[in-house]
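User: I'd like to go through this model with you, a few spots at a time. Can we start once it is on screen?

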Amino acid sequence: MKISNRMLSVLCATTLTMGVAAQQPTIRLGYCNGDKISSSLISQNDPTGNDQLCAAILIKKETLEKYEGDTIYQISFANEEKAGSFMTVFIKTDLQSTGGTVQNITNHKEGWNDVKLNKPYVIKADKDIYIGYVSYPSADEVNTKRILSFEREPGGTPGVNWYGINGQWWVVDSRTIDYDLCIRAYVKGKKYPSLDLGLDRVSNYDIVRQNTPTTLDMQVTNYGVSEVTGFTLEAQYKGETFATADVKDIKLPHNEMTKVKIPNLVFPLVNNIDFNVVITKINGGADEDASDNTRPSYVYVMPENAEPQPITILFEEFTSGQGIETQQADSVYGISCRDRNDVIWVKHHVSDALALPEESPYAWFFDNNATFTPAVMVNRQAFENTETRGPALFIPYNEYVTEMFDVMYKIPSFATLDVNVTRNLQTGKATAKVNINSQVTEMPHQKSLRLTVYAVEDQVKMPGSDYAENGIIRKIVNGTWGTVVDLSNYTYSEDFTFDIDPSWKADDMRIVAFLNNYDYTDPLNSPVYNSAEARLATSGISVINDDSNARLLTFSNRRFVVPAGYTVAVYDASGRKVANDNLKRGVYVVRVTGNDKAFTYKKCITD
């Protein structure tokens, strides 16, 4: 796999504890809670020369407004390891700008560094600012040194942490790296609010049950000079308060942060709820600056009577029939899939003769639309601490794939799918009937609920090779992003009729259907909620167990036998094709074809 210059990996680190500043600062700006380092971003660049590795935090003008005219006199940051002979710190209104306050330092060290600015930065209220640093590691250090370091406490603040390589910048996605960068700024001046409590973070379970107590976690910072001993907060939906809590006896000094757990929070509504958490009082009085007292949050509330349903995982692989890499990937992923009946494995071919034009928009699932093979998606879900954004990821080990499967069982599914297939031999068409039964009327994070249907062929010989692959997607039956589904009545059903190409082997085909979200603004919000499949050749074909045709099929010497001019295909009870030889006890579905006719039998071998 070719790794782009932008890619970084998160490496866990030994916890370091360093003091931040010897003197008590006036006002502290930043997001990291505490002084401990937990992990660092490591460059994945081609180590052919030196690189500039950069980190910054965004301080919004709404926060700066109350300190207008005061000065930032110190920047503090933490690196787990020292790299290079010097660094720079900066304050800018634009990360791409060459202007702003920039200062070189040559005495940097591992752990926390406190840099007094030679020229303090005067705060203005009309613009956001970025506060950060640039490291200049050598070619030997760039891919090994732990430089861009995050705090130990989880709960990354969305949209405020940035990293850069050689002048290019990207925001850290808090859904995949849930920590804040170890960067702070210190302010002094004449503006000293007495009661000023900032609500930094809010987190809660993504999925809760209606009218059932749950917990809310939050982080607050005391920006005022008076100690905070208690506060009141409200949870609001569309401007209406549905829950209130009083927090007492916390004793939070000036400039300090603390985490607070709110128990017994109850959500009376259902489905996707975007709500606000608002601090309304401090020490029984008003907050002198309410601009930082509100934080948005999200929760999916399942109805009281809804129950999670059994899940079948959709495992999508992006591959190519060219080279030994395909067979190696099949071997690795096959270890995770071979003993499971709860995983449906399908393959999107790219850049070869088996690629489908309607699959090209799936490049959207790759970081920066830079497709590569092999890559996999598991229910199109995002995973933490991955090198690329996803949900299409390079996973080199079967153990990782198995872990991804296991994670899926922690995400409840509220709908089940059933697929039935009929085939018309005269017209060469097949019809897939898909039924959906749901416990809810809306899925978690739903933007546009879709049903997508694939026609998949197994045992496909690769061009110019004797190697055969399973799970090749031959046709997207109802379009790249599927059909819009309405579950307001808890059920949905639709028939999909399509042509079977004569070059396909119908006996080796499956119809795969899955219920998924389509959020055209966010590839990481396109989860698959559940999936199902059915064999094309074994469902609803002509007559089942018709006595008038019983002479066509006999059982002898542990195999099924048919007259000359007919062929036989045997499937086990789960729908998998098996060899018609040395058959053991069990139930089998047997398909007999010949003379432009097809018959399907259900046979039980008892001895």
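Predicted model: local features only at pLDDT ≥ 70, side-chain atom pairs only at ≥ 80, totals over all residues.

User: Okay, strand β16 first: how many of its residues are buried?

Analyst: Strand β16 covers residues 214-222, and seven of its nine residues are buried, which leaves the strand mostly covered.

User: And which strands does β16 pair with?

Analyst: Strand β14 (residues 197-204) pairs with β16 in the antiparallel sense over seven bridges, and seven bridges also join β16 to strand β19 (residues 257-265), again running antiparallel.

User: Switching to the open sheet, what is the strand order?

Analyst: Six strands form that sheet in the order β7-β6-β9-β4-β11-β12, with antiparallel pairing. The edges are β7 (101-105) and β12 (168-171), and each has a single partner strand, so one side of each is left without a neighbour in the sheet. Neighbouring strands are turned by 20° against each other on average, with direction ignored.

User: How many bridges join β6 to β9?

Analyst: Six bridges join β6 (residues 87-92) to β9 (residues 129-135), and within that pairing Phe-90 has Gly-132 in β9 as its bridge partner. The ring of Phe-90 also has the charged end of Lys-92 sitting over it, 5.2 Å from the ring centre.

User: New topic, Asp-342: buried or exposed?

Analyst: Asp-342 has a relative accessible area of 17%, and because the cut-off for buried is under 20%, Asp-342 counts as buried. Asp-342 lies in the loop between α2 (325-337) and β23 (343-349), and its side chain makes a polar contact of 3.1 Å with that of Arg-340. Leaving out residues up to four places away in sequence, Asp-342 touches Ile-311, Thr-312, Ile-313 and Tyr-409.

User: What about aromatic pairs, how many are there?

Analyst: The count comes to 24 aromatic pairs. One of them joins Phe-242 and Phe-267, which form a tilted pair at 5.3 Å centre to centre, with 45° between the planes. Phe-242 lies in strand β18 (residues 240-252) and Phe-267 in the loop between β19 and β20 (271-282), so the pair ties together parts that are 25 residues apart in sequence.

User: Why is the pair of Trp-364 and Tyr-518 edge-to-face?

Analyst: Their planes stand at 65°, with the ring centres 6.0 Å apart, so the pair is edge-to-face.

Technical notes. Residues numbered from 1 in each chain as written. Heavy atoms only, no water. Buried < 20%, exposed > 50% of the residue type's maximum accessible area, 1.4 Å probe, protein only. Helix = DSSP H or I, 4+ residues; strand = E, 2+ residues; numbered from the N terminus. Pairing = 2+ DSSP bridges. Axes fitted to C-alpha atoms, helices over the stretch in contact; angles between N-to-C directions. Polar contact = N/O pair within 3.5 Å; in protein donor to acceptor, adjacent residues only side chain to side chain. Contact = heavy atoms within 4.5 Å. Phe/Tyr/Trp six-rings, centres within 6.5 Å; stacked < 30°, edge-to-face > 60°. Lys NZ or Arg CZ within 6 Å of the ring centre and 35° of its normal.
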